[in-house]
Amino acid sequence: MQTVKPVLQGEIFIIRYADDCVIGFEHYEDAQKVMNTLPKRMAKYRLTIHPEKTKLVEFSPDGKVKAPTIDFLGVTHYWTKSKRGAALIKRRTTSKGLRKGIKKIEDSCRYNRHEPLKEQLGQLRSKLNGLCQYYGIRSNFKALQVFYQSAVHLNV
């Protein structure tokens with residue numbers, strides 16, 4: 001990033017997790033420059049960029065009918081307005097992430113149902129804690145409620 005930042009006009013940020021990342025740019029022209037240069041730089045290290053997962057997305061609250069959303073690592077990032085009317089980015093668990101989390105809870109309960117009740121409770125608590133730690137982000141309380149309610153009402 002130190003070699004890229006000096007040649008750009010605006011601000012830049014990067015969010016990485018393992019081999020996934022989102023790069024944000026203040027100016028569209030900067031994003032195009034990096035998008036054109038990045039495959040060449042990756043090829044230098046015998047790496048490639050996945051063409052179906054790589055795209056430029058305008059993510060700004062410029063008064064469009066429907067503001068864009070970005071899904072990254074099981075979380076949807078979207079624009080909304082604060083109580084005072086200021087533009088604000090919020091996040092929520094994707095529907096796919098919810099389904100996968102609920103399935104993990106169900107599978108864990110099914111796999112451990114032969115164990116003593118205390119062991120089952122420990123496993124369930126562990127799964128719920130993991131989901132809460134991963135998806136426990138600001139503005140995502142409803143998803144945590146869904147995970148909890150799913151665990152309470154399981155029919156395994």
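The following conversation goes through a predicted model of one protein.

Visitor: What is the protein built from, in terms of helices and strands?
Guide: In this predicted model, the protein has 4 helices and 5 strands.

Visitor: What pattern does the protein follow along the sequence?
Guide: The pattern, read along the sequence, is β-β-α-β-β-β-α-α-α.

Visitor: How does its radius of gyration relate to that of a compact globule?
Guide: The radius of gyration of the protein is 20 Å, whereas a compact globule of 156 residues would have one near 15 Å. Along the principal axes, the C-alpha atoms fill a box of roughly 60 × 50 × 25 Å.

Visitor: And what share of the residues counts as buried?
Guide: Of the 156 residues, 21% count as buried. The protein exposes about 12,400 Å², and carbon and sulfur atoms supply 53% of that area.

Visitor: What about charges? How many positive and negative side chains are there?
Guide: There are 29 positive and 14 negative side chains. The centres of these two sets lie 4 Å apart.

Visitor: Let us turn to the strands. How do β1 and β2 run, parallel or antiparallel?
Guide: Strand β1, residues 12–17, and strand β2, residues 20–25, run antiparallel and are joined by 6 bridges. Within this pair, Tyr17 stands opposite Asp20 in β2.

Visitor: What lies between β1 and β2?
Guide: The two strands form a hairpin with 2 residues between them. Ala18, in the turn, has a positive phi of about 55°.

Visitor: Which strand does β4 pair with?
Guide: β4 pairs with strand β5, residues 87–93, in the antiparallel sense over 7 bridges. Here Thr76 stands opposite Arg92 in β5.

Visitor: How many residues are between the strands in that hairpin?
Guide: The hairpin of β4 and β5 has 5 residues between the strands. Gly85 in this hairpin takes a positive phi near 95°.

Visitor: Where is Arg46, and what is its phi?
Guide: Arg46 lies in the loop between α1 (28–43) and β3 (69–72). Its phi is near 60°, a positive value in a residue other than glycine.

Visitor: Is that residue buried or exposed, and why?
Guide: Arg46 counts as exposed because its relative accessibility is 81%, and the cut-off for exposed is over 50%.

Visitor: Then what about Leu73?
Guide: Leu73 is found in the loop between β3 and β4 (75–81). It also has a positive phi, near 55°, and is a residue other than glycine. With a relative accessible area of 28%, Leu73 is partly exposed.

Visitor: Where is Thr54, and which residues does it touch?
Guide: Thr54 is placed in the loop between α1 and β3. Leaving aside residues up to four places away in sequence, Thr54 touches Met35 and Ile49. Thr54 counts as partly exposed, because its relative accessibility is 28%.

Visitor: What separates Thr54 and Ala87?
Guide: The two residues are 33 residues apart along the chain, and their C-alpha atoms are separated by 26 Å.

Visitor: Now a helix, please. Where is Ser108, and is it buried or exposed?
Guide: Ser108 has its place in helix α2, residues 95–112. Its relative accessibility is 7%, so Ser108 counts as buried, given that buried means under 20%.

Visitor: Which residues does Ser108 touch?
Guide: Ser108 touches Gln123 and Lys127, when residues up to four places away in sequence are not counted.

Visitor: How far apart are Lys33 and Ile105?
Guide: They are 72 residues apart in sequence and 44 Å apart in space, C-alpha to C-alpha. Lys33 is found in helix α1 and is partly exposed, with a relative accessible area of 39%.

Visitor: How far apart are Ile14 and Leu56?
Guide: Ile14 and Leu56 are 42 residues apart in sequence, and the distance from C-alpha to C-alpha is 14 Å. Ile14 is found in strand β1 and is partly exposed, with a relative accessible area of 37%.

Visitor: Finally, what share of contacts comes from residues 24 or more positions apart?
Guide: Such residues account for 33% of the contacts in the protein with a separation of 6 or more.

Definitions and conventions
Residues numbered from 1 in each chain as written. Predicted model: local features only at pLDDT ≥ 70, side-chain atom pairs only at ≥ 80, totals over all residues. Heavy atoms only, no water. Buried < 20%, exposed > 50% of the residue type's maximum accessible area, 1.4 Å probe, protein only. Pairing = 2+ DSSP bridges. Rg over C-alpha atoms; globule rule 2.2 N^0.38 Å. Contact = heavy atoms within 4.5 Å. Areas by Shrake-Rupley, 256 points an atom, 1.4 Å probe, with all protein chains shown as cover. Lys, Arg positive; Asp, Glu negative; His and termini not counted. Charge placed at Lys NZ, Arg CZ, Asp CG, Glu CD.
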